[in-house]
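Subject: Structure for your review

Dear colleague,

Please find below the structure that I am handing over to you. My notes on what was found in it follow directly after.

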Protein chains: 2
Amino acid sequence: MEKCDKREIIMKAALEMVAEHGFHGSPMAMIAERAGVGAGTIYRYFENKEVLIQELYRDLEDRIFPVLLEGYVPERPIRERFLHLGTAWLRYVINNPLDFLYLEQFHNSPYGVEFRRDKILGKKEGCGPFHDLFNDGISQQVIKGLPLVILFSLFFGPLVAVARDHILSFVTLDDALIALTVEACWDGVKR
Amino acid sequence: MEKCDKREIIMKAALEMVAEHGFHGSPMAMIAERAGVGAGTIYRYFENKEVLIQELYRDLEDRIFPVLLEGYVPERPIRERFLHLGTAWLRYVINNPLDFLYLEQFHNSPYGVEFRRDKILGKKEGCGPFHDLFNDGISQQVIKGLPLVILFSLFFGPLVAVARDHILSFVTLDDALIALTVEACWDGVKR
DNA sequence: GTAAAAAGAATGAACGTTCATTCCGTGGGG
DNA sequence: CCCCACGGAATGAACGTTCATTCTTTTTAC
């Protein structure tokens, strides 16, 4: 039978549960119930809960990166590339709120911190386009000469925050507001 | 015997545990052990774990606000006030990393979300000075004419992010870097 | 082609562990 | 002698995980 089918159903159920209730509010029994499978079935596809959580994250990254790079032209000016990536990211998470909420849960967990530590210190190069973009900007002197990590925070800190506010209905972001917000982020990093 | 003394010891232990291991990594038994009291003793001072968590948060807010307002002059120019509050906030959380980590845990929990919803929609006016500052800035046309919530995110989103990076040792913020970062945040909100 | 047999998938009750909370015996101050 | 703050064992609920069993599909034998 379709092994992949059931595996994906479980992943979708887990994503929804975790996004809405957090890791600790998502018992395996409930994930199984939502997926319409037996509790034990999950363990045919995932070694344990931690593996399920990590695979879900990897899956999410693989889905998001291509979307961000759609229409991205590395030859264009720095500013334009920033606006493109910022806008694309904001659009994606607004249209896929469960993905965003899951990413937030992951990043604010011990797994997420360790993951980032590996990326930053181990030079895992996971965020390829961003890394290049910031470095280009620094060497061309069009963005501030600050450590990469800080530039990252200056640009994505606000984006994450407004995305959360939108998804929690504290504000409603339309196309105009998205554009203004991303431009404001650019103002923060540009020299 | 000193009731208040023991109460504070318990709160300190809980703060440390939660900051380091999160709510779900901080069983009451361990908090008790760290505080050097019996598990049951905690319940003489706090009705249950949730109450302990919430009181800890309130306590933290009461400690932070006065520090931010130290030397704050509402009559000074908008820009100067922004830099003052941003710098004071960043300094505080860097010098009190456990407080920061606790706040993060709280904000990323269901309690925290509900709390913010009350504040924003119910006009609880919790963040007095910030509220006034942003409104002054808008009416004086020195900051961007965006919704308050977005301005908040533009200014504090990066600050939270760099504070986390500093505390996790992904970057080391000295006085110079703090000043540059806060100014960059200002660049994001200023018109 | 069909029936029997083997293999593979799926199940959910049961297990051991961990947690928040309660309960009760103890000991020191009034 | 009494009171009550205290400690920590006891309690029961909830969790992740396991496993004996059932159901489904595939293979084999004739």
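**Fold of chain A**

Of the contacts in chain A between residues at least 6 apart in sequence, 66% join residues at least 24 apart. Please bear in mind throughout that this is a predicted model. Chain A contains 10 helices and zero strands, and the order of its elements from the N terminus is accordingly α-α-α-α-α-α-α-α-α-α. Along the principal axes, the C-alpha atoms of chain A fill a box of roughly 55 × 40 × 30 Å. Chain A has 191 residues, of which 32% count as buried.

**The contact between chains A and B**

Chain A contributes 26 residues to the contact, and chain B contributes 26 residues. On the side of chain A that touches chain B, the elements giving two or more residues are helix H7 (110–121), helix H9 (148–167) and helix H10 (175–189) of chain A. H9(A) gives the most to this side, with 10 residues. Sorted by class, the side of chain A that touches chain B has 17 nonpolar, six polar and three charged residues.

**The surfaces near the DNA strands**

There are 16 residues around DNA strand C, and those that come nearest are Gly38(A), Gly40(A), Pro27(B), Gly40(B) and Asn48(B). The surface near DNA strand C has eight nonpolar, five polar and three charged residues.

Around DNA strand D there are 17 residues, of which Pro27(A), Gly40(A), Asn48(A), Gly38(B) and Gly40(B) come nearest. By class, the surface near DNA strand D comprises nine nonpolar, five polar and three charged residues.

In soluble globular proteins, nonpolar side chains tend to be buried together. In this model, the largest nonpolar core has 89 residues. Those with the most contacts inside this core are Ala14(A), Leu151(A), Leu159(A), Leu151(B) and Leu159(B). Not counting residues up to four places away in sequence, Leu159(B) touches Gly86(B), Trp89(B), Leu90(B) and Cys185(B).

Among these partners of Leu159(B) are Gly86(B), Trp89(B) and Leu90(B), which also belong to the buried residues of H5(B). The buried residues of H5(B) are Arg81(B), Phe82(B), His84(B), Leu85(B), Gly86(B), Trp89(B), Leu90(B) and Val93(B). Helix H5 of chain B (residues 78–95) has 18 residues. From its first C-alpha to its last, helix H5 of chain B reaches 26 Å, close to the 26 Å expected at 1.5 Å a residue.

Glu80(B) also lies in helix H5 of chain B. Is Glu80(B) buried or exposed? Glu80(B) counts as exposed, because it has 12 C-beta neighbours inside 10 Å. Glu80(B) and Trp186(B) are 106 residues apart in sequence, while their C-alpha atoms are 9.8 Å apart in space.

**Individual residues**

Gln141(A) is placed in the loop between helix H8 (128–139) and H9 of chain A. The phi angle of Gln141(A) is near 65°, a positive value in a residue other than glycine. Gln141(A) counts as exposed, because it has 10 C-beta neighbours inside 10 Å.

In chain B, Gln141(B) lies in the loop between helix H8 (128–139) and helix H9 (148–167). Phi of Gln141(B) is near 60°, again a positive value in a residue other than glycine. With 10 other C-beta atoms within 10 Å, Gln141(B) is exposed.

Glu16(A) is found in helix H1 (residues 3–21) of chain A. Because 17 other C-beta atoms lie within 10 Å, Glu16(A) is partly exposed. Leaving aside neighbours within four places in sequence, Glu16(A) is in contact with Arg34(A) and Leu98(A). Glu16(A) and Ile78(A) are 62 residues apart along the chain, and their C-alpha atoms are separated by 36 Å.

With kind regards

Notes
Residues are numbered from 1 along each chain as its sequence is written. Chains are lettered from A and ligands numbered from 1 in the order in which they are written. This is a predicted model: local features need pLDDT of at least 70, side-chain atom pairs count only at pLDDT 80 or more; totals for chains, interfaces and linings use all residues. A residue is near a molecule or strand if its C-beta atom, placed from the backbone, lies within 6 Å of it. Ala, Val, Leu, Ile, Met, Phe, Trp, Tyr, Cys and Pro count as nonpolar, Asp, Glu, Lys and Arg as charged, and the others, Gly among them, as polar. Helices (H or I, at least four residues) and strands (E, at least two) are DSSP runs, numbered from the N terminus. A residue is buried if 20 or more other C-beta atoms lie within 10 Å of its own, exposed if 12 or fewer, and partly exposed in between; C-beta atoms are placed from the backbone. Two residues are in contact if their C-beta atoms, placed from the backbone, lie within 7 Å. A nonpolar core is a set of buried Ala, Val, Leu, Ile, Met, Phe, Trp, Tyr and Cys residues joined through C-beta atoms within 7 Å. The expected span of a helix is 1.5 Å times one less than its number of residues.
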